[in-house]
Amino acid sequence: MAPIFDGNLRHFSEKPGGLKVDDFYGDTVANYFISHAHTDHFEGLKEFQDILRDRSNDSVIYCTKETGELIMSRVGYKREILSNKFRYKAVGERFSLRHRENGVSDTTVEFARANHLPGAVMMLFKDKHYKALYTGDFRFESYERSEVTNEMKSFLENTTDIDILYLDITCLDLLGERKGDKNKFPCKRIILEEIADMVSTLTENSDSSERSNDEDECNSEDRPDSEGFDSEGSGVGGPDSYKNVHVDCSALGWQEVAKHLADQFDSSLGICPKDPKKKLHQCIVELLSGDVKIETPHKSFVHNSNGADCKYCTDRTIRIKPSLKWLFYELEGYSYKQSTWIREKDPVEEPGFFNVLYSLHSSHYELQQFMKLLNLSRKAEIFPISRPLGENIEGMSNNEVRSKTKELFKKW
Ligand SMILES: [Zn+2]
Ligand SMILES: [Zn+2]
Ligand SMILES: [Zn+2]
């Protein structure tokens, strides 16, 4: 299926010199933007490097420094070309664009936090006629009292009179199919705490009665000492407990889960030295808050790997697969304790394998809160930049998704 967004912004892309967001296909323009470093947001860039290499090309690419660094840490993206073309802008900085023919234009742009991948931003485009907001992928944890949520809230409150909105609707319940809290899954912090709690229980030494009973707080002092962990597993756990943790890295957000666990259990984070994406993983982990050392997997309590046959796993390894898609495709399963968001896949066939709901995209409920704060006028236009997940939406055309989204937002 063709992507639902082609990189062009109404009005702004038509101005002299041109402008494209999160897309490098088609005619060359003067101003490119990348919201964040997931590959579906800079498609065509690898091939476009040949054009950028040419001295006569005067295109530039705006993004945050983090995004630029993450892209250049990927295989096939060349620092010697891209570092000349990237124009790094910080969150909150307002800057003007140029026309190809006559210098500076009247279009200004401002980046805002998106709470997605490190360096991910929303973008606000303005001139004397229009205001367009492009959200990129984003998570708006409206009820969470964190610095990033507060920043996002004040940005939204100060951003009035949007004419055109480009919106990430990955978790939108477009057909009203999902019941109850499925549309209101918890913030990332809660899920991380639940995962750490589970790992703590499953690796617990049977006679470690000194553990605190305080269930609310999740700090490393409460955790069993995992220092001295080695591949023989002499450090943690009783005879029948689990010895280490594997985090599957095929889905978004795994770095946050793995880093949180490494943090909580005072371990390094093991990344396979042969992983072709090692540099990228390392770069993302370093950009997340906290201080975790990257090591080889056999020296770490927490390690990552893509795929089923990880050579660092044993039958005493807890395997965790964080993903957003559990919400939509695999609701069946065995709940771990009271958590709705952690499910052991099959305690008989595959004990110790847990699917965990972890999302870098706003839940349906959070989207509602986002739209409320944005308070669009009736005549504002809305364009989805993603297709919502869900089996019954897969068969719908992009046009159907667009018009159904409009209908739904009218009711909000
Ligand atoms: Zn993304
Ligand atoms: Zn995306
Ligand atoms: Zn493993």
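These legends go with several close-up views of a predicted model.

**View 1. The whole chain, before zooming in.**
Start with the overall tally: the chain has eleven helices and 18 strands. It runs to 412 residues, and 40% of them count as buried. Now look at contacts between residues with a separation of 6 or more: 68% of these link residues 24 or more positions apart.

**View 2. An open sheet of four parallel strands.**
Here the strands line up in the order E1-E2-E3-E4, and their pairing is parallel. Strand E1 (19-21) and strand E4 (86-88) sit at the edges with a single partner strand each, so one side of each has no neighbour in the sheet. On average, neighbouring strands of this sheet are turned by 25° against each other, direction ignored. As background, strands of a sheet are held in pairs by backbone hydrogen bonds, in either a parallel or an antiparallel arrangement.

**View 3. Where E3 meets E4.**
Zoom in on one pair from that sheet: strand E3, residues 60-63, runs parallel to E4, and three bridges join them. To get your bearings, find Tyr62, which has Arg87 of E4 standing opposite.

Glu344 makes a handy landmark, with Phe354 in E17 as its bridge partner.

**View 4. Two helices crossing, H5 and H6.**
A pair of packed helices can be described by the angle between their axes and by how far apart those axes are. For helix H5 (residues 188-202) and helix H6 (residues 254-264), the axes come within 10 Å and cross at roughly 50°. The two helices are therefore oblique to each other, and their crossing is right-handed. Which residues in H5 and H6 meet? From H5 come Lys188, Leu192, Ile195, Ala196 and Val199, and from H6 come Glu256, Val257, His260, Leu261 and Gln264. Sorted by class, the contact has six nonpolar, two polar and two charged residues. An α-helix has 3.6 residues a turn, so residues three or four places apart point the same way.

**View 5. Helix H9 and the residue just after it.**
Helix H9 covers residues 364-374, and its buried residues include His364, Glu366, Leu367, Gln368 and Phe370. Follow the chain just past the end of H9 and you reach Asn375, where phi is positive at about 50°. For context, most residues other than glycine have a negative phi.

His11 is in the segment before E1, and its phi is near 70°, a positive value in a residue other than glycine. Asn115 is in the loop between strand E6 (103-113) and strand E7 (121-126), and its phi is near 50°, again positive in a residue other than glycine. Is Asn115 buried or exposed? Asn115 is buried, because 22 other C-beta atoms lie within 10 Å, and the cut-off for buried is 20 or more. His11 has 17 other C-beta atoms within 10 Å, so His11 counts as partly exposed.

Notes. Residues are numbered from 1 along each chain as its sequence is written. Chains are lettered from A and ligands numbered from 1 in the order in which they are written. This is a predicted model: local features need pLDDT of at least 70, side-chain atom pairs count only at pLDDT 80 or more; totals for chains, interfaces and linings use all residues. Two strands pair if DSSP finds at least two bridges between them. Axes are lines fitted to C-alpha atoms, for helices over the stretch in contact, and angles run from 0 to 180 degrees between N-to-C directions. Angles under 35 degrees count as roughly parallel, over 145 as roughly antiparallel, 65 to 115 as roughly perpendicular and the rest as oblique. A crossing is left-handed if the near helix is turned anticlockwise from the far one by less than a right angle, and right-handed if clockwise. Two residues are in contact if their C-beta atoms, placed from the backbone, lie within 7 Å. Ala, Val, Leu, Ile, Met, Phe, Trp, Tyr, Cys and Pro count as nonpolar, Asp, Glu, Lys and Arg as charged, and the others, Gly among them, as polar. A residue is buried if 20 or more other C-beta atoms lie within 10 Å of its own, exposed if 12 or fewer, and partly exposed in between; C-beta atoms are placed from the backbone.
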